[in-house]
Amino acid sequence: MKNKILVLIILSGLISAFRLKQELLFQTPMKWPKPAYDFSKNPLKKEKIELGRILFYDPLLSANSTISCASCHSPYTAFAHVDHSRSHGIHDRIGKRNAPALFNLAWQKSFMWDGAINHLDMQALAPISHPDEMGESISGVVKKLADSERYPTLFLKAFGDSAITGERILKTLSQFLLTLESYNSRYDSVKRGEKVFTVQEENGYRLFQKNCNSCHSEPLFTNLGVENNGLPVDGSLRDYGRILITSAASDSMKFKVPSLRNIEFTYPYMHDGRFKKLSQVLNHYSSGIEQSTTLSPQLKQGIQLDDKEKTDLIAFLLTLTDRSFLFHPNYGFPKALISEQKTTKSK
Amino acid sequence: MSAILRIFFCLLIGSSISVSAKAPSPSAEIDMRLTWGNDLLKLNQPLICGHDTLIIETLRFYISTIEILKDETVVFKEKESYHLIDAEDPSSLLLILSKGAIESGDRLRLTIGIDSTTNVSGAIGGDLDPTKGMYWTWQSGYINFKLEGKYISERKKGKDFILHLGGYTFPYNTVQAVTIKRSPMNPFVITMDMKKFMETVQTEDNLHIMSPGKQSFELAKLLPELLLNEK
């Protein structure tokens, strides 16, 4: 009996230690909603996160080993793609859309600009297999990793055996992506009572709350849904958004509402990167909206702001930049791949 | 450090709790037989279909949520019940279940396809691993039934058929529930007659279906009738 009580005490201690370890790898900020991702199906582990990070930066995942996830999702720009309006992949093929920024993904319930992907684990399948992006197949990736010198050992460290499967690749990528959390911007400091807005920022915040918050809802700065924000369809791309997935007329020209966090660094803006500057975005909302039956009701009259108000609103949006996220040492190019590059160069 | 804790934990549990080994239940196999009429289906071999001849190059589908019933009561429910049946892989045609339940039951109930909950549950391994080629990469969801091939008869030479039937959301959920009455003579063999399917399908105008929707939904409704417990 005494032995069993002792076991129970030790067991509870171990469970608490495990939970604490999970919390250190991922945190839900105070007053934020509960994450949508079910961590119980993929508990975070340091070795898996690191493996996911290496995979994220490894161009081996593409058909001709030239394009990695990081080719379009650059860490210093909130994992967005800033030097092209539309992202390009292998053989310089250009896609139809701009790669979105990656952060706070644990709260997202759907992925891609049209919400086509229903779970973070499955998102990587799309760019890996798209002929204009990485042009590979998940089966091909499994084979390449299994044939490599590096990966069997990394999978052994992460999983306890060296088996490489599609499931494991996708889940380790998820683990790395889940750790990309951004909640330490100037705005967050103000909300926590650590700092105060300037007068201009405060004015901009009031304008934001009045005009933007219904779609770009705090604290995630997205309502996690799809909306038609009045963009005219690009005649050459003919990208009608979510209707291409659901075939429902009510989804015409609806795209996922992106988070505005780190917006200072996630240009160009919109699903096809048509706007290079925030001023162009605000001008669209004030005078560029195309009316349609699926237009978000909040935008029927547009967002009418004078020049000073636009400046103040932009000043507020710049408070959403989180430098601790942009330059986080755990998110950048992994040392394991740097060592490989040095070895390759010296040969 | 975490490895040391794990070993310590296991030793403690082992020393204070007696573990009784459970003998595994006797198992039996359900033999899935893919047929073309009265013959076993062979991939890449000529098959007569009405006035035409065709070859089937790929045939894969999911069977899941297998249950055995006796007098309308479930007497056996398979855990982790997902099976990818692949005409190219003979080992996939044997479903290993509990022998006792198969012998006592009078009905077999299963699903052709993967349920909606599993479709939204992220990456899964085994027969559900995305490397099996049964998961749409551009839009989330399992392909419940995949049939590919082409006509080789002169009348339709070169015309191919690519049928990827999937979709898990209302109103076009293609998952099909099937109940099969057990044959007293031979309870372990289930046939799926693809000739019956193709004879109906080939009258359709469009034999390229690669996304969820109405067409996928309508064709999926034909699948349950193809499954029979062989007499």
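Me: In this predicted model, how many residue pairs are in polar contact across the interface of chain A and chain B?
Reply: The count takes in pairs with both residues at pLDDT 80 or more. Salt bridges across the interface of chain A and chain B come to zero by the rule. The residue pairs in polar contact across this interface number 11.

Me: Which element gives the most to the side of chain A that touches chain B?
Reply: Helices H1 (2-25), H4 (120-123), H5 (125-129), H6 (138-147) and H8 (166-178) of chain A each give two or more residues to that side. The residues of the side divide into 13 nonpolar, seven polar and six charged. With seven residues, the element that gives the most is H1(A).

Me: What area is buried between chain A and chain B?
Reply: The size of an interface is often given as the accessible area lost when the parts come together. Here 26 residues of chain A and 22 residues of chain B take part in the contact. Carbon and sulfur atoms give 66% of the buried area, which is about 2,100 Å².

Me: Which three residues supply more of the area that chain A buries against chain B than any other three?
Reply: Chain A puts 26 residues into the contact. Of the area that chain A buries against chain B, 25% comes from three residues: A:Val7, A:Asn118 and A:Met122.

Me: Why do the buried residues of H4(B) line one face of the helix?
Reply: Helix H4 of chain B covers residues 194-201, and its buried residues are B:Met194, B:Phe197, B:Met198 and B:Val201. Seen down the helix axis, these buried residues line one face because they fall within an arc of 90°.

Me: At the start of H4(B), which residue has the backbone nitrogen that a side-chain oxygen of B:Asp193 reaches?
Reply: Helix H4 of chain B runs over residues 194-201. A side-chain oxygen of B:Asp193 comes to within 3.0 Å of a backbone nitrogen at the start of this helix, and that nitrogen belongs to B:Lys195.

Me: What covers the buried residues of H6(A)?
Reply: The residues of H6(A) that are buried are A:Ile138, A:Gly140, A:Val141, A:Val142 and A:Leu145. Their cover includes, from chain A, helix H2 (46-57), H5, helix H7 (151-159) and H8.

Me: Where is A:Pro268, and what is omega of the peptide bond from A:Tyr267?
Reply: A:Pro268 sits in the loop between strand S2 (255-256) and helix H12 (278-288) of chain A. The peptide bond from A:Tyr267 to A:Pro268 is cis, and its omega is near -5°.

Me: Which residue is joined to A:Pro219 by a cis peptide bond?
Reply: A:Pro219 lies in the loop between helix H10 (199-211) and strand S1 (226-227) of chain A. Omega of the cis bond is about 0°, and the residue joined to A:Pro219 is A:Glu218.

Me: What is phi of B:Thr65?
Reply: B:Thr65 belongs to strand S4 (residues 52-70) of chain B. At 34% relative accessibility this residue is partly exposed. Its phi is positive, in a residue other than glycine, with a value near 45°.

Me: Which residue forms a salt bridge with A:Arg274?
Reply: A:Arg274 is partly exposed at 26% relative accessibility. The closest N and O atoms of the two are 2.8 Å apart, and the partner is A:Asp272.

Me: Which residues do salt bridges that share partners join into one network?
Reply: Over all chains the structure holds 24 salt bridges. One pair is A:Asp114 with A:Arg97. The network that shared partners make consists of A:Arg97, A:Asp114 and A:Asp239.

Terms used. Residues are numbered from 1 along each chain as its sequence is written. Chains are lettered from A and ligands numbered from 1 in the order in which they are written. This is a predicted model: local features need pLDDT of at least 70, side-chain atom pairs count only at pLDDT 80 or more; totals for chains, interfaces and linings use all residues. Side-chain values use heavy atoms; hydrogens and water are left out. Contact means heavy atoms within 4.5 Å. Buried area is the accessible area (1.4 Å probe) that two parts lose on being put together, summed over both. A salt bridge is a side-chain nitrogen of Lys or Arg within 4 Å of a carboxyl oxygen of Asp or Glu. A polar contact is a pair of N or O atoms within 3.5 Å; within protein, one must be able to donate a hydrogen and the other to accept it, and residues adjacent in sequence count only if both atoms are side-chain atoms. Helices (H or I, at least four residues) and strands (E, at least two) are DSSP runs, numbered from the N terminus. Ala, Val, Leu, Ile, Met, Phe, Trp, Tyr, Cys and Pro count as nonpolar, Asp, Glu, Lys and Arg as charged, and the others, Gly among them, as polar. Buried means under 20% relative accessible area, exposed over 50%, partly exposed in between (1.4 Å probe, protein chains only). The arc is that of the directions from the helix axis to the C-beta atoms.
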